[in-house]
Amino acid sequence: MVTKSKVIIPVVLGVSLMLSGCNFTTKKDAAATPTPGSTETAAVNNTPVDIELLGMSSNETDLNIVRDQLAKNGFNVKLNVQPDYGTFKAQQDAGNFDVALSSWTTVTGNPDYAVRSLFKTGGDYSIMSDPEIDKLIDQASAQTPEQYTETYKKFEQQLVLDKAYIAPLYNSLKAQAFNQDVLKKESVRLSKSRSLPWEELDFKDAAKRAKDPIILQSALPSLTSLDPIKANDGSINIINTNMYVRLLNLTDDDKLTADGSLSYNFAIAEGNSDYYFVLRDDIHFAQIKDKLAADSGERVGAEDVIFSLNRAKDKNSVPNHRTFTLHEHIQKVELVTDPAVLESVKLSGGSGTLKSGLEKGLDSKISTLVSDKNQASNKEGKYQVVKLTTTQPFPQVLNYLAHQSAGIVSKKQVQSINTYDVAKYDVNKDISYGDQSTVTEGAKYNNALYTSGPYILSYKNDYEAVFYKNPGYMKGTKYEPKVDSIKVRFIKDAESSLSALRSGEIHLFYGVSEIKFDVIKADTKLALQTVPSNAVSYLLFNTKNREVAKSADLRRAVLYSVNQDEFLAYYKNNKFKAVSTLSPIVKTGLEVKADAAKAKDFLNKYKASK
């Protein structure tokens with residue numbers, strides 16, 4: 001998210017050439033004129049090439065390092081620094097850049113997520129269109145881990161080294177700090193990919209659970225959308241993950257699990273194209289009444305799962321659908337009503353039947369399958385089972401079901417709000433489910449959220465967002481939220497967030513910079529947690545209407561100007577080298593090494609072509 005989560009950022013090039021003012025060339029001049037593209041040309045043509053670098057003020061240090069590296073290798077860098085993600089994204093969408101400082105976090109733990117949205121033609125965040133890249137992404141997606149490493153190596157070779165569509169900067173640690181005098185240490189999780197689970201957060205003093213909020217922070221006060229399929233960026237990844245339950249979750253080390261999800265168990269049928277989920281019956285949708293959380297009385301069931309996943313895969317189900325490519329491998333989602341099917345179909349690998357796989361750990365075995373979610377009674381052996389079929393064998397589909405975009409929404413509630421014609425959607429008059437204006441204090445406040453997860457957003461303003469515990473979420477189980485309310489304070493810069501943590505204004509700071517680790521370690525009331533992350537920062541080149549879009553030589557000049565060692569040194573070796581967004585997940589053996597001679601040679605080739 002976007003952090004990615006999840007979060008994304010890009011860069012631009014504008015080239016100006018100095019032309020000779022001479023009207024004629026003498027024989028002597030001609031003899032002295034080097035051949036275009038030769039090393040002699042480089043010695044003569046020292047005119048810097050203009051390049052526009054786009055980024056956000058929160059990444060000012062990285063922007064300055066990149067600027068200095070490019071300047072050393074023949075570029076005249078213009079910085080286009082925006083105050084927040086919204087204005088940054090507007091500049092990117094308008095094409096006002098040559099290169100953008102971007103980042104991506106693979107929050108599902110699988111390699112396909114690290115590339116599909118970003119680099120495939122038509123991807124949710126892709127500005128590229130390259131048939132060779134597309135072919136390699138699709139080829140790898142259908143392969144096992146033993147097979148796909150070589151395919152992803154070919155992908156990285158094409159994406160980075162051959163065509164220079166991106167220039168990697170570094171792979172990051174994931175870090176957070178919290179007040180261990182206030183929060184119970186065992187309740188604070190730090191996962192490699194998934195967002196912070198709010199339902200497990202707890203006070204050291206349990207007496208505070210009902211009267212005090214746990215206070216978190218976010219740098220992004222503008223929430224893209226509270227409809228889980230309409231956004232995939234840092235403003236909402238954690239929020240939507242905690243407001244909508246999913247069929248699956250990830251463990252802290254990126255293993256798939258049904259723990260804390262809508263499923264008791266999941267099973268893969270022989271052939272790896274059919275996936276089955278047996279659903280819990282103890283989750284209700286929460287709603288807001290008089291700014292407080294209430295049980296809507298509506299149970300979360302199979303009809304909501306089917307509705308949610310069908311809209312997730314359908315590009316045209318909502319305007320500005322931002323996550324459809326993550327779910328494009330879903331062919332069909334349906335209810336299973338015949339228990340005999342579960343006994344007749346073998347598990348993938350031949351280790352038993354679907355029924356045996358789905359019944360593992362259940363207190364009551366499956367005796368009846370019901371179509372009406374209100375008739376499900378797990379204690380009596382009455383369950384709902386959902387079957388998902390993929391367009392091809394694709395086990396990575398399960399990782400996408402653990403993503404916030406696969407959050408389960410209420411079919412009844414969403415259909416009652418999204419009554420407009422999607423093709424004729426008018427942003428000035430039509431209100432979509434999850435529009436942030438409906439939860440923002442003021443004239444348009446009309447909170448119609450129905451959330452299936454542990455918390456629901458009551459309201460927000462420029463200062464904070466206030467969330468309350470879902471009173472109908474797994475009551476009496478270990479997954480029931482511990483604390484009644486959570487507040488997210490909007491603090492734009494990291495320095496202020498750290499100060500707020502140290503002063504006790506907030507209790508947890510998610511996303512601490514490596515350069516602040518020593519400060520946190522020196523404060524006895526604070527605890528620091530770190531884990532290698534799936535986050536990669538890189539430069540993304542404009543692919544339209546700029547010189548960098550036309551010239552691979554110009555892009556390669558930028559690529560070989562970037563020295564990752566300088567980033568690692570600045571961050572005290574708490575960053576790691578990267579080749580692409582795949583680097584934390586698949587080890588291809590490739591490496592990008594800064595090379596000033598190569599950078600200048602490619603720049604001279606570009607100049608000679610003009």
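Asn573 is exposed, with a relative accessible area of 55% (buried means under 20% relative accessible area, exposed over 50% and partly exposed in between, with a 1.4 Å probe and protein chains only). Asn573 is found in the loop between helix H18 (564-570) and strand S22 (575-576); helices (H or I, at least four residues) and strands (E, at least two) are DSSP runs, numbered from the N terminus. The model is predicted, so that local features need pLDDT of at least 70 and side-chain atom pairs count only at pLDDT 80 or more, while totals for chains, interfaces and linings use all residues. Residues are numbered from 1 along each chain as its sequence is written, and side-chain values use heavy atoms, with hydrogens and water left out.

Most residues other than glycine have a negative phi. Asn573, although not a glycine, has a positive phi of about 60°. A positive phi, near 50°, is also found at Ala164, a residue in the loop between H7 and S5. Ala164 counts as buried, at 0% relative accessibility.

Side chains of opposite charge can pair when their charged atoms come close. With a salt bridge taken as a side-chain nitrogen of Lys or Arg within 4 Å of a carboxyl oxygen of Asp or Glu, the count comes to 38 salt bridges. One of them joins Asp130 to Lys163, with the closest N and O atoms 2.8 Å apart. Asp130 lies in the loop between helix H5 (111-119) and helix H6 (131-141), and Lys163 in the loop between helix H7 (145-162) and strand S5 (166-179), so the pair ties together parts that are 33 residues apart in sequence. Asp130 is buried, with a relative accessible area of 6%, and Lys163 is buried at 19%.

A salt bridge also forms between Arg189 and Asp252, where the closest N and O atoms are 2.7 Å apart. This pair links distant parts of the chain, 63 residues apart: Arg189 is in the loop between S5 and strand S6 (214-218), and Asp252 in the loop between strand S7 (249-250) and strand S8 (256-257). Arg189 is buried, with a relative accessible area of 18%, whereas Asp252 is partly exposed at 31%.

The side chains of Lys610 and Glu547 meet in a further salt bridge, at 2.8 Å from N to O. Because Lys610 lies in the segment after helix H19 (596-608) and Glu547 in helix H16 (residues 547-550), the pair ties together parts that are 63 residues apart in sequence. Lys610 is partly exposed, with a relative accessible area of 48%, while Glu547 counts as buried at 15%. Elsewhere, a network of salt bridges links Asp112, Arg116, Lys120, Asp138 and Glu328.

Helices H5 and H6 pack at an angle of about 150°, with their axes 10 Å apart; axes are lines fitted to C-alpha atoms, for helices over the stretch in contact, and angles run from 0 to 180 degrees between N-to-C directions. That makes H5 roughly antiparallel to H6 (angles under 35 degrees count as roughly parallel, over 145 as roughly antiparallel, 65 to 115 as roughly perpendicular and the rest as oblique).

The structure holds 16 aromatic pairs. Rings of Phe, Tyr and Trp (its six-membered ring) pair if their centres lie within 6.5 Å, and planes under 30 degrees apart count as stacked, over 60 as edge-to-face and the rest as tilted. The rings of Trp198 and Tyr455 have their centres 6.0 Å apart and their planes at 75°, so this pair is edge-to-face. Trp198 lies in the loop between S5 and S6 and Tyr455 in strand S17 (residues 455-460), so the pair ties together parts that are 257 residues apart in sequence. Trp198 and Tyr455 are both buried. The aromatic pair of Phe285 and Tyr450 is tilted, with 6.3 Å centre to centre and 40° between the planes. Since Phe285 lies in strand S11 (residues 284-289) and Tyr450 in the loop between helix H13 (411-417) and S17, this pair ties together parts that are 165 residues apart in sequence. Phe285 and Tyr450 are likewise buried. Ring pairs also link Trp104, Tyr113, Tyr125, Phe394 and Tyr400 into a cluster.
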